[in-house]
Structure formats: C-alpha cells, structure tokens
Amino acid sequence: MNEHESADRTRPVEYDHVDVSVLVVGAGAAGARTAIELADRGVEDVLVLGKRGHGDAHTTWARGGINGALGTHDPEDSPAIHAADTLNEGHFLNDPGKVETMTEQMPDRLRELDEWGMAYSRTEDGEIDQRFFGAQSFRRTAFAGDHTGESLLNTLVEQAQKRDVPYRENVMITKLVSDGEAAYGAVGFDMDTGEFVLFNAGTVVLAAGGYAAIYDRHTSRDDENNGDGPALAYDAGASLMDMEFVQFHPTGMAVDEDDPEWAPWSGRLVTEAVRGEGGRLFNADGERFMERYSPDQMELDARDVVARAIGKEVTEGRGTDNGGVYLDISHRDADFIRDRLPRMYERFADLGVDMAEAPVEVAPTAHYGMGGVAVDDGGETDVDGLFAIGETMAGVHGANRLGGNSLAETVAFGVAAGERIAERVDGPGAVPDALVDSLVEPHLADLTATANRDGAHNVESVLADLRACMWTHTGILRDEASLRTGLDALADLRERASDLTVGPVTSESFELAVDLGFSLTAAETVLRGALERDESRGAHYRTDHPEADSDWIRNIHFESADLGGIHSYTEPVGTPSEAVRAALDEGHELDYHQLE
Ligand SMILES: Cc1cc2nc3c(=O)[nH]c(=O)nc-3n(C[C@H](O)[C@H](O)[C@H](O)COP(=O)(O)OP(=O)(O)OC[C@H]3O[C@@H](n4cnc5c(N)ncnc54)[C@H](O)[C@@H]3O)c2cc1C
C-alpha cells in the first residue's frame, strides 16, 4: 500500500497499485470470451474483474437463446440472411461491418461452444436445436431450455479457468485513467475491503454491460445495467452513439403492485421464447389483437411493433386490471412447456399459475439499450488502448435488436477484440505522473469525500426518481415537450445527487452513489438523442413525428466537451456487402403461420 497526498493536499489518499498489460472490466460473456481469446493467442498478464462474484454477471439472466445461421432445421439460412434480418430489424441504422463481423462468425462460435460442453437443447438427431424468435426469417436461435445465458457463461468461465485467466471479484471501477487521447488504466475500489486501487494497464476492455436499468420498469437486475460501461467510456473521451434507442420488450410481467408476493416481479422478463414456442396474445376482451396489427407475423413481429400494440390495447381500455394483456401458451401440453421453457414454467408455478392451464399477464418493460460506445469492427474506440464490447458497445443493433443477437454479439466481439489486442499489446501500462496528480488522486479524494457523507438526499430515492423520470419522459412514446421536461427534471436530479447521504466505501449506498453518477450520464444522452431525432424509427417513437425520415439514416454521437459540456454530432451509416444487399433484395421474412 502506498500513501500519497491528494492533489489538494488536504487529505492523504491511500491506494493499492496493480500493473497488468490488459485490464478487462466485466466478466459477463463478453469479458470472459475476450479473456479466452487473449489466452489462446498467448497474451499474458491479463486481469479480468467484475463487481460481483465469479460466474455471477448479468449474462446469467439471458433466457431464450443465441443466434447463428447453423441451419439445423432451415438449411437455406445463411450469415448473409442473418445480417439482412438484423439490418431490417435495426431499420438500417446498424453498422453493416459490425453486423457482418457477428453473423459471419456465429456458426463457428456456436459449434465451438458445443465443443466446450455448452448444454444446448438438441434435436432428436442430437444436433443443436434452433427455435423461432421474433422477426427472423428462419429458426436461427440456439438455446439451452430457457436458461441459455447461464449455460453460456458457465461454459465460458470453465474455459477461462482452464486457461488460468486471473480474475478479481467484487471490484468496482469508478473512473478510467485517460487524457482523452489514450487510456492508461482504471481506478476503482474493492467492495469487500473498501481499499482503493489504481490499475496500470496499457489496454482497457470495457465489457461492463448496458443501461436499460435506468428505467423504472426494467428486466435487468437493479444493480446491473446502470450505464457503467457507456458512462466510463464517455468520461474517458470516447463517443456514445444511438443512445436514444432503448428496446422495450413487449412481455414483462404485469402484476398487482399491492400484492407483496407478486410486486417484486413487476417488469421481469417473460422470454420471447414463449411466443417463439407458440404463445399467443389476447386482450381483456379475449381478442387475439395482433391480427389487427400484424396479420402475417402476428406475435412474432419485431419487438417494437408488439410492444406498441400492447401499449395501445392497454391505453385504449382493453387491458387487464394490472395494466397488461394475456400471454397464453396453454394450447401446448405441459411436458412440452416444461421441456422448452423450464424456468418460466417454474417461476409461474411458484406464484400459483400453471402455464399449461392458464395465461399469464404481460406488459412492455425496458430491456436493452441498443446504443453504447462507438467502436470499430475490432471493438476499439477513438481513445487509444480503450476497447468496448458486448452490451457496452453500439453499432450492431441499430434502431432495434433482434432477440438472440446480444449473446451473439458478446462472443463475436470478444473474439474480434481479443484478436485485435493480441496484435498490438505491448506490455504493462504506466500511468503518467501528470495524470496521477491531475486525475487519479483528485478522483480518489472525491470518492473519499462521498463516503460517510451526511447530505440532504437519500441515494435510493434519487435513483428511483431518475428511473421514473426516464419512464415518463422518454419511454415507449415520446414527444418534444415531454423530453424537454425530462431534461429539466434531470438537472434537478443532478443537483440532488451532489448532496447525498452515503455510508462507508463498503456499503450498498456507496455503490449506488457511484452508479447514480453513471446513470445520470446515460440518461442525459438518451433524452438528448431522443429530442434531437425528430422522426420515428425502430424502438424510438415520437408521437409528434410518427414517420421515419430518410434524412435520418444517421447515427447521433455524444462526446464530452470542455467544462462539463456535451457535444453532439451525426454520422452517416455504412453500406452492406454485396452478399447482404442480395439477401435484402431477396426479401426473406418469417412465416409465422408455420407455427400453427
Ligand atoms: C432478463 C434478460 C434476458 C435476456 N435474454 C437474452 C437472450 O435470450 N438472448 C440474447 O441474445 N440476449 C438476452 N439478453 C441480453 C443479454 O443477456 C446481454 O446483452 C448480455 O448478456 C450482456 O453481456 P455482457 O458480457 O456484455 O455484460 P454483462 O453480462 O452485463 O456483464 C457485465 C460485467 O461487468 C461488470 N461490471 C459492470 N459495471 C462494472 C464496474 N463499474 N466495475 C467493475 N465491473 C463492472 C459486471 O459485474 C459484470 O461482470 C437478456 C437480457 C435480460 C436482462
């Protein structure tokens, strides 16, 4: 342990030093797959860390599946058609290069996971089974029951352990060390001991998840997906892109909020696999309403289409008492449901509902941020030595995401980033003294001042108000007046966030106070992006501009400007390859009625 004086010389700041070549922040599927690739390419001196225990990352909550054009049932499927479906769903705001980086790799990635022992569900012939998922032309979603994420992460963690990849649990990164041009490492604290740590690292990979939990009703764990990854990168000088595109999953649990048994489940995901296996939506009048909104693709149309349809049924008075609609798979027999959807079946059975006998209630819920850090095809940002991958990065999903594509993105970009880093890694980093004085120690002094503070506001209530503000002002339906009100409310929340009551560094309130800072950055870029994009496209729906505008085939970027300001600019989208253009011209589309 070294003892240094903080830059304002009022308080000594103690911190530990760790020197590594590559620091991977995040141990979900994206971070774990990067570490495996680095190990296989002979890169030593890598450290992976996460703010939870080993094997406990948000990835474990992923349910329905992972996409790749294996063609188990539909041999005519191909990576080019997978890319075409992804671009269609993304309303052509996706970066075609990144989409193809993913779709080209995925058949191999799925087979590799099979060789590594992933517990896929299988066909009678023993092949990797693939199911229908919304808006995909073919059965392309490989799965392990409805616990695909857990199975994937277990497989990757086991492989990382076989390669002796060093891992540190329960460390939270609070700031990257960067001069805006290059990254030199990161600062954080050990959540068990409260010790501050400076990680010197020539390369930093952010694989720290997304930002969907900044909404009131969300499918994420409350303490994950608070915007850590995007906010850390933004603060370090990287640009954020597409932040206005937030996916509202059509089927979150709709519950009686006054019932203590059900209330904690509000907004939790009812996997798309329920519809992929034949589940049907009915309003409170017993009408199968998707026939009115999407007679061809029905319940398996794109998530934004189904979410808005449910929202409309509810606001027009055809919803249930709990503000949802019914999702019914009781026409399938109990053995089938238990086999294909074991966790869903169990969850509802524990709450007293047998899915083989009765429908469940569902309503839209914030699920995934399509935006994130702008990177190139190798996952590298504009800041030298800083990478961002998995849910932290932007570009693959555009204006909306196909279910099953985010797990695909984690492993595909884990490999792409690992390859790129292996070509350029040149030993442990060293944080320049000037940055230690001007950035590291003042930041640690701020953290020290935040701990044990007796301020006017409770951190949990500020976070709850922030989430409510996002749901109200930049939810499924948006308009200029409400977005402006949301930005004003955000300024007030920032004010409150500067005067919090916080416990010691090891307390939950300290973690939440750090998270609140990240969430405010993510929230501001979502609100500003939604205001700037005066059109409707994919998951972003402006009631005052309900049509798509072809001039808006551009991505909105945000960068931090001097004096705490924010700078936005737009960039045009790239062109898909010839093979993908051909697949787009062929006009493949899901034929929902195959399911009936
Ligand atoms: C309920 C649910 C179901 C889903 N189902 C599917 C599905 O079926 N198919 C699909 O493709 N996608 C699905 N998704 C999306 C998918 O699970 C995620 O996009 C994906 O798992 C993200 O993986 P990741 O490695 O990028 O991040 P994560 O798994 O979120 O891992 C982030 C890591 O970063 C660490 N971390 C975060 N912040 C910090 C910090 N400040 N300091 C240190 N460490 C930090 C965390 O501890 C963790 O280790 C689902 C999402 C949800 C919420």
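Two strands are counted as paired if DSSP finds at least two bridges between them, and the strands themselves (E, at least two residues), like the helices (H or I, at least four residues), are DSSP runs numbered from the N terminus. The model shown is predicted, and local features need pLDDT of at least 70, side-chain atom pairs count only at pLDDT 80 or more, and totals for chains, interfaces and linings use all residues. Residues are numbered from 1 along each chain as its sequence is written.

**View 1. An open sheet of 3 strands.** The strands follow the order β4-β6-β5, with antiparallel pairing. Because β4 (66-67) and β5 (130-131) stand at the edges with a single partner strand each, one side of each is left without a neighbour in the sheet. The pairing of β4 with β6 (residues 141-142) is antiparallel and runs over 2 bridges, and within it Ile-66 stands opposite Ala-142 in β6.

**View 2. The shell around the ligand.** The ligand is surrounded by 42 residues, of which the closest are Gly-26, Gly-28, Gly-50, Gly-209 and Gly-390; a residue is taken as near if its C-beta atom, placed from the backbone, lies within 6 Å of the molecule. Two or more residues of this shell come from each of the elements α1 (29-40), α4 (148-162), β8 (171-178) and α11 (405-424), and α11 gives the most, with 4 residues. By class, the shell holds 17 nonpolar, 19 polar and 6 charged residues, where Ala, Val, Leu, Ile, Met, Phe, Trp, Tyr, Cys and Pro count as nonpolar, Asp, Glu, Lys and Arg as charged, and the others, Gly among them, as polar.

**View 3. The contact of α1 with α11.** The axes of these helices, which are lines fitted to C-alpha atoms over the stretch in contact, with angles from 0 to 180 degrees between N-to-C directions, come within 7 Å and cross at roughly 35°. Residues are in contact if their C-beta atoms, placed from the backbone, lie within 7 Å, and those that α1 brings to α11 are Ala-29, Ala-30, Arg-33, Thr-34, Glu-37 and Leu-38. By class, the contact of α1 with α11 has 10 nonpolar, 4 polar and 3 charged residues.

**View 4. Domain 1 beside domain 2.** The chain is divided into domain 1 (15-245 + 370-424), domain 2 (249-367) and domain 3 (440-553), with bounds that come from an automatic or database domain assignment. The contact between domain 1 and domain 2 takes 21 residues from domain 1 and 26 residues from domain 2.

Terms used: Two residues are in contact if their C-beta atoms, placed from the backbone, lie within 7 Å.
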